[in-house]
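Please walk me through this protein model, from the confidence of the prediction to the contacts of individual side chains. Give the cut-offs behind each term as it comes up.

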Amino acid sequence: MVPGLADPYMVSFESVNFPGYYMRHTSDGRVELQSYRESFQFKSDATFRRVPGLVNPGMTSFAAHNRSDMFLRHDKFLLRVEKTARPGIPGRRHLPDHAEIDRKNDFFQGEAPSPYFFNLIRKIS
């Protein structure tokens, strides 16, 4: 976790194994590890705002810098940015059967995600 590329008061995730590669969300919500590009869009897509956990305030959730209603989530061993199904978050239908699992996928323990977190990201050259 490094100071945000688009805003130094936010965070970006640079790979330890592949320096110069950053976790970036795509327009369809996928999260990929991509090599740094000197562009406003890249920097915005690779920057996240740390917020108290959406379910547990002792945890951490990450909102996309350029889509504040979209949160970093893990689902079926993939990372995505999506609107949450948590009641009270506008824009996403609340699904009672899956709501508890959905909410648990919206936050991470501690200040930075674990190394396991980065195993969920596909590296794009």
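The protein averages a pLDDT of 75, pLDDT being the predictor's confidence in each residue on a scale from 0 to 100. A score of at least 70 is reached by 67% of the residues. Confidence is highest in helix H1 (residues 40–45), at a mean of 96, and lowest in helix H3 (residues 115–119), at 46. Residues 87–107 have a pLDDT below 50, and beyond near neighbours in sequence this stretch has 37 contacts in the model, a contact being heavy atoms within 4.5 Å. Residues 114–125 also have a pLDDT below 50, with 29 contacts beyond near neighbours in sequence.

This is a predicted model, in which local features need pLDDT of at least 70 and side-chain atom pairs count only at pLDDT 80 or more, while totals for chains, interfaces and linings use all residues. Residues are numbered from 1 along each chain as its sequence is written, and side-chain values use heavy atoms, with hydrogens and water left out.

The protein has 3 helices and 9 strands. Both are DSSP runs numbered from the N terminus: helices are H or I runs of at least four residues, and strands are E runs of at least two. Their order from the N terminus is β-β-β-β-α-β-β-β-β-α-α-β. Of the contacts between residues at least 6 apart in sequence, 46% join residues at least 24 apart.

Of the 125 residues, 42% are buried; buried means under 20% relative accessible area, exposed over 50%, and partly exposed in between, with a 1.4 Å probe and protein chains only. The protein exposes about 7100 Å², of which carbon and sulfur atoms supply 55%. These areas come from the Shrake-Rupley method with a 1.4 Å probe, and for residues only the protein chains shown count as cover.

In soluble globular proteins, nonpolar side chains tend to be buried together. Here the largest nonpolar core has 11 residues: Val 11, Phe 13, Met 23, Val 31, Phe 48, Phe 62, Ala 64, Met 70, Leu 72, Leu 79 and Val 81. Strands S6 (60–64), S7 (67–75) and S8 (78–82) each supply at least two residues of this core. A nonpolar core is defined as a set of buried Ala, Val, Leu, Ile, Met, Phe, Trp, Tyr and Cys residues joined through side-chain atoms within 4.5 Å. Leaving out residues up to four places away in sequence, Val 81 touches His 25, Gly 29, Val 31, Phe 48, Met 70, Phe 71 and Leu 72.

Phe 13, Phe 48 and Phe 62 also form one aromatic cluster. Rings of Phe, Tyr and Trp (its six-membered ring) pair if their centres lie within 6.5 Å; planes under 30 degrees apart count as stacked, over 60 as edge-to-face and the rest as tilted. The count by this rule is 6 aromatic pairs. One of them joins Tyr 36 and Phe 42 edge-to-face, at 5.8 Å centre to centre and 85° between the planes. Phe 42 is buried, at 0% relative accessible area, whereas Tyr 36 is partly exposed, at 32%.

Gly 4 is found in the loop between strand S1 (2–3) and strand S2 (11–12), and is buried because its relative accessibility is 9%. Beyond its neighbours within four places in sequence, Gly 4 contacts Met 10, Val 11, Ser 12 and Thr 47.

Which polar side chains are joined to Gln 34? The side chain of Gln 34 makes polar contacts with Arg 37 at 3.0 Å and with Arg 24 at 2.9 Å. A polar contact is a pair of N or O atoms within 3.5 Å; within protein, one must be able to donate a hydrogen and the other to accept it, and residues adjacent in sequence count only if both atoms are side-chain atoms. Gln 34 lies in strand S4 (residues 31–35) and is buried, at 6% relative accessible area. Arg 24, in strand S3 (residues 21–25), is buried at 13%. Among the residues that Arg 24 touches beyond four places in sequence are Arg 30, Phe 42 and Asp 45.

Arg 30 is found in the loop between S3 and S4 and is partly exposed, at 32% relative accessible area. Its side chain makes polar contacts with the side chains of Asp 28, at 2.9 Å, and Glu 32, at 2.4 Å. Arg 30 and Leu 78 are 48 residues apart in sequence, with 8.1 Å between their C-alpha atoms.
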